[in-house]
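Open the structure in your viewer and keep the selection tool at hand.

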There are 2 protein chains.
Amino acid sequence: LGLVAIKGTDAGAAKVAVIGAGSWGTTVASLTCCNAPTVLWARSKELASEIAATGVNSRYLPDFPMPTRLQVTSVLEEALAGAEVVVMGVPSHGFRSVLMAGAEWIGAGVPVISLTKGLEEGSLKRMTELIAELPGEHPSGVLTGPNLAGEIMSGRPAASVIAMSDETLATELQQVFSRPGFRVYTNPDVIGCEVAGALKNVMALAAGMCDGMGLGDNAKAAVMTRGLAELARLGRALGGQELTFSGLAAMGDLIVTCMSHQSRNRFVGEQLGKGRSIADITAEMQMVAEGIKTSSAAVALGALVGVELPIAEQVAAVIAGAITAAEIVPALMLRQPKAELDGMANRLTDRT
Amino acid sequence: LGLVAIKGTDAGAAKVAVIGAGSWGTTVASLTCCNAPTVLWARSKELASEIAATGVNSRYLPDFPMPTRLQVTSVLEEALAGAEVVVMGVPSHGFRSVLMAGAEWIGAGVPVISLTKGLEEGSLKRMTELIAELPGEHPSGVLTGPNLAGEIMSGRPAASVIAMSDETLATELQQVFSRPGFRVYTNPDVIGCEVAGALKNVMALAAGMCDGMGLGDNAKAAVMTRGLAELARLGRALGGQELTFSGLAAMGDLIVTCMSHQSRNRFVGEQLGKGRSIADITAEMQMVAEGIKTSSAAVALGALVGVELPIAEQVAAVIAGAITAAEIVPALMLRQPKAELDGMANRLTDRT
């Protein structure tokens, strides 16, 4: 791959490595390559060759041609060597191994941005906590918001958030990700944005169960409202900022994930609501629904910091096959105190 | 009508008068009549006779038989005389005239609860402010939340909020409205709940426009997120409490109204998004979409208290025919500051 040639075409612009050619990694690479030379890494050599030959990622985004400027490789070193920004679009279960496999080629001080909305099983870590385990110092952050990949590839408008504690760097990266129609805002609250991104997938499983059981829009809206409060409760306990939970990275992403028929996690919830088992459902999906693994990780994290997560608990129990979706309806709808504000004030009290 | 007979069947229970036999008034009367003797007032003598004869409100809820215990009349005095609770389910444009026409039969100290989600044109008053103009002292409140009528009539689960400043009375009325599957919470913040109920209809018009223009779920979720922030900004400036805006009466009701294909305001927005005029759209609707009139009333109210309402302004301009839905896309999507939290912090500052 002619990385030198790429550098030559756009002298002075940061070289971006996007690691992971799933639907969202491919989409983000398609955005950044219009602003800066970008190399997309695909784990599969076949997929990399296909994208290079046809300009289409037929596995994850078959309907959308990618910009011809975008380079692709299946060799980590080719993507990472010389990159001035690393963007990680790898599912949570493979995030650590890919990151560590590439560590030797990530330059000193190079910022690493996560696109992944989940928690690592076992360690219960957020993706930026995994980035912090890289040798050397690397500024880290997340790009997150209500961002269905297909809509963005088709040019429909969307807004997103780049969350980094270093606001100067965040403003620079804002320029790398922004496109006409893809508006990026900065937010210094990495923890809040990251917890929201992980937990909204769990809430989308619950909302999808409402769909699958035919409970109706009233019940689904009530579950989404409680879901955001639950997500915010955990986020605050972990150090997230209150305002984040009313913004694009939390409320916005929760809404789109619970509402859209393009959402994988909502779809999985809907199938669970119809009484199917998680093994059945995932056997026929080729994309990862992060909420499946995150639900039990979230419950474990809540227990660790002393925050009750009743919806996540129910979702995790359904996924584990311990109870059916139909059995969680009373818990989803009825486990609120009689005075709404009392209940919400309780939720605002961190129990750590 | 045998009001005495009704009293006889349920000695000691409050007699409830539900004024207005639209879809929501009819639904609420169908709930309360299971807890306390209830009389439903329909403006139309024909509709009252039909309901009495057939047990069905064929105009507004043709698919749902009402409980046989429910009494109906088109004579205000028959509904109101002796009522211990008055529930007003009249659209905002007729609220004052019906309330004042019935005033002489509303007993001293009888609580009056509004089901109406709008502002009075001209005066810009909330419905509980109109109730405050009744002779004598009447505790007032609102019943509000994500409550699509048809779903509740069909027995699907829903949650709602009774907002009254008198918490003892709110707890009593909670018993009057609650049913298995219809869970009612109390909230002392009448202003916040009422402003949220009115403004969410305006936001649903904007969300519906996104649907009509095919902007996608990402854009719609961003508009809903900004819409809740805008609604909360006005609510706080008018004295509403912060927590209300994360709860069922604000976030919950906003979600269901923007999301559901049963929502009239979303439907009107969708038609506007397709380029139709408001006159065309309303000519073929028999139900009121409160957001149409509330959009300009909200803008006027915002101006009065010094709060910017960019989405409501755009919606009002489209309804007035001053601009097209397509012309407001940039304003809906792009008028945010570059740092999300800065923008939200600004929104948290009341400008009064």
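Begin by selecting B:Arg266, which sits in helix 12 (residues 264–273) of chain B; helices (H or I, at least four residues) and strands (E, at least two) are DSSP runs, numbered from the N terminus. This is a predicted model, in which local features need pLDDT of at least 70, side-chain atom pairs count only at pLDDT 80 or more, and totals for chains, interfaces and linings use all residues. Residues are numbered from 1 along each chain as its sequence is written, chains are lettered from A and ligands numbered from 1 in the order in which they are written, and side-chain values use heavy atoms, with hydrogens and water left out.

Is B:Arg266 buried or exposed? Its relative accessible area is 1%, so B:Arg266 is buried (buried means under 20% relative accessible area, exposed over 50%, partly exposed in between, with a 1.4 Å probe and protein chains only).

Now show the side chain of B:Asp211: a polar contact of 2.7 Å links it to the side chain of B:Arg266. (A polar contact is a pair of N or O atoms within 3.5 Å; within protein, one must be able to donate a hydrogen and the other to accept it, and residues adjacent in sequence count only if both atoms are side-chain atoms.) The side chain of B:Arg266 also reaches the backbone oxygen of B:Ser260, at 3.1 Å.

Next, go to A:Leu124, in the loop between strand 7 (112–114) and helix 6 (127–131) of chain A. A:Leu124 is not a glycine, yet it has a positive phi of about 60°. Most residues other than glycine have a negative phi. With 13% relative accessibility, A:Leu124 counts as buried.

Select A:Val90 after that, in the loop between strand 6 (85–88) and helix 5 (92–102) of chain A. Leaving out residues up to four places away in sequence, A:Val90 touches A:Ile19, A:Gly20, A:Phe95, A:Val98 and A:Thr116 (contact means heavy atoms within 4.5 Å).

Finally, colour the two chains separately and look where they meet. Chain B and chain A bury about 4600 Å² between them, 62% of it from carbon and sulfur atoms; buried area is the accessible area (1.4 Å probe) that two parts lose on being put together, summed over both. Between these chains, 14 residue pairs are in polar contact (both at pLDDT 80 or more). Highlight helix 10 of chain B, which gives the largest share of the side of chain B that touches chain A, nine residues.
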